[in-house]
Amino acid sequence: MNHAIEFEALTKRYGALAALDGVSACVPRGQVIGLLGHNGAGKSTLIKLILGLIAPSGGRLEVLGQSPWRAHALRRRIGYLPESATFYASLSGRELLDYLARLKQASRSQVSALLERVGLTHAADRRIGTYSKGMRQRLGLAQALLGSPELVLLDEPTTGLDPQASRELYRIVGELRADGRSVLLSSHLLAELEPHIDGALILRQGRLLAAGSLHTLGEQAALPAQVLVRPREQAMPELIARLETGGLSAQPRPDGRLELQVPRASKLHMLRELLADPAIVDLDVREPTLAQLYDWLGAGPQSGAKVAA
Amino acid sequence: MNPILTVAAKEFRDDFRNRWTVALTILFALLALGIAWFGSAAAGRVGFTSFDATLASLTTLGAFVIPLIGLLIAYDTIVGERDDGTLLLMLSYPLARGQLVAGKFLGHCGALAAATLVGFGLAVAIMQWMQPPAQTLQAWLHIGRFILSASLLGACFVGLACLISVQTTDKSRAAGLALIGWLLSVVLFDLALLALLVVSGGNPLERAVYPYLLLLNPVDVFRLVNLTALGDGAGNDLLTGMTAHHSYPPLLLGLVMLAWAVLPFAWAMLAFRRKEV
């Protein structure tokens, strides 16, 4: 069993509307996978299916080796952070975790350690009603880790977090991966997400646009690399002309550099040439970002899909 | 611990924390003492009267207050969590939906029963202390019956509130429905029956059916359980009118009361199992 989550032709219909329509993919064990897509793409439906809160209308779904629909005991092995949950305002953070630990039949001795891990020890005995959004989100992460789950589902976990708190959250996600746990993480913040995930599932209007490791997706899309070069003084016009003769279009940027789109296949060859060019004093290579990949796939709500995975 | 008990213990504690239960306990104790002390003021006397007379008045009052409180403490029990975004979180834990509703139901019922027991128990203790009357075993049985039936009546309306909470999509609608439920069962049902009684004018067949129509309303069953035991119909016009020529087997009344305590809750549980989240 190599996959934490595996689904094939998974479909969920609400009346005539297909919230998920014949989706097939998997989340490998021990990896962090981003679940991407605009509102209405089917992310929440997929998460509810994985948690066994709704029944699929068709297809096959296995979570940690079993069908999740109404499999209550399975949920002991899954941690879930819902999007912007408020929790019970009248309880303290510690009381909430105590209560949820009892429900999960997890050891309550974990509670203090988890509060420490998410940096809430100082506020543990304060009412949740007095917490900031970021503190509630960290408390939500702590409860998702109760019982050391094998699979953790995080729905927009960094919403409302300041940059440092987001980094802390991704540090914990990294620890989970190092510990062999699987994480499915939905987020709109692609740039922030990118360095922390092994792969992505990209949904659009209930269909899967792409799935796989970021590297594979990049290969599939074959997006050009962006190369920024700084020409020697006075050499700009001559350099542009030369690059264009070589088949590269060069766009001058306000910071005095030239932006080149270098096809993936000839990237190494082109870089060698550029490095050897005496008219160039500096050079920067930028691989296509997740956001560019996302745009290219047409994952936005209105754009048309270019590939079907 | 069983998840139902875990949820029930939390709801029970929350009801205390929200001061609902404490306020209720004090209210019950004050009402009981007030009625006991001033109950015979009309006859020109002030002071503790008999337990039975006090219970008769408390029954009439309890029939109004307990359903309202049962509905108020539980109407938002599911829909409130849906509004706050915690419902999905709770359902992601290893407990069945039925267990979640059952835990909430038991917790609220427990809080209401505790308030009834402590509130009225306190009043009885004070009455006993201030003016130790010669208590017969029967008087104690009546008090026990009153507290038990009041708790069951509370359970019935907590169950009804759970049902409303499961079936509605926002809190304000749930609150509105809870109030309508209270009006229907506490005021309108009896009015409708009284109207029927007047219109029918004593047709023997209809007179035989009416006493059983009362069993369709848990509030009336609560009154019957207590007032028929106290013997004189205790000043309730509807009961006197409807039941003057009818006697109910106590076992039947007990069973109907118990059924009313369980049925709305069972319906709520089934409805929640089928609900899309």
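Reply: Helices and strands are understood here as DSSP runs, a helix being H or I over at least four residues and a strand being E over at least two. The model is predicted.

UniProt, in an unreviewed entry, places the feature "domain: ABC transporter" at residues 5–230 of chain A.

Chain B, the part in question, meets chain A through a contact to which chain B contributes 19 residues and chain A contributes 21 residues. On the side of chain B that touches chain A, the elements giving two or more residues are helix 1 (3–17) and helix 5 (87–91) of chain B. Helix 1 of chain B gives the most to that side, with 5 residues. By class, the side of chain B that touches chain A comprises 10 nonpolar, 4 polar and 5 charged residues.

Within chain B, a helix pair may be examined in turn. The axes of helix 7 (residues 137–167) and helix 8 (residues 171–200) of chain B come within 9 Å and cross at roughly 145°; the crossing of helix 7 of chain B past helix 8 of chain B is right-handed. From helix 7 of chain B, the residues B:Leu160, B:Ala161, B:Ile164 and B:Ser165 meet B:Ala174, B:Leu177, B:Ala178 and B:Gly181 of helix 8 of chain B. The residues of this contact between helix 7 and helix 8 of chain B divide into 6 nonpolar and 2 polar, with no charged.

Definitions and conventions. Residues numbered from 1 in each chain as written. Chains lettered and ligands numbered in written order. Predicted model: local features only at pLDDT ≥ 70, side-chain atom pairs only at ≥ 80, totals over all residues. Contact = placed C-beta atoms within 7 Å. Nonpolar A, V, L, I, M, F, W, Y, C, P; charged D, E, K, R; others polar. Axes fitted to C-alpha atoms, helices over the stretch in contact; angles between N-to-C directions. Left-handed = near helix turned anticlockwise from the far one by under 90°. UniProt positions renumbered as here; feature names shortened; annotations may be inferred.
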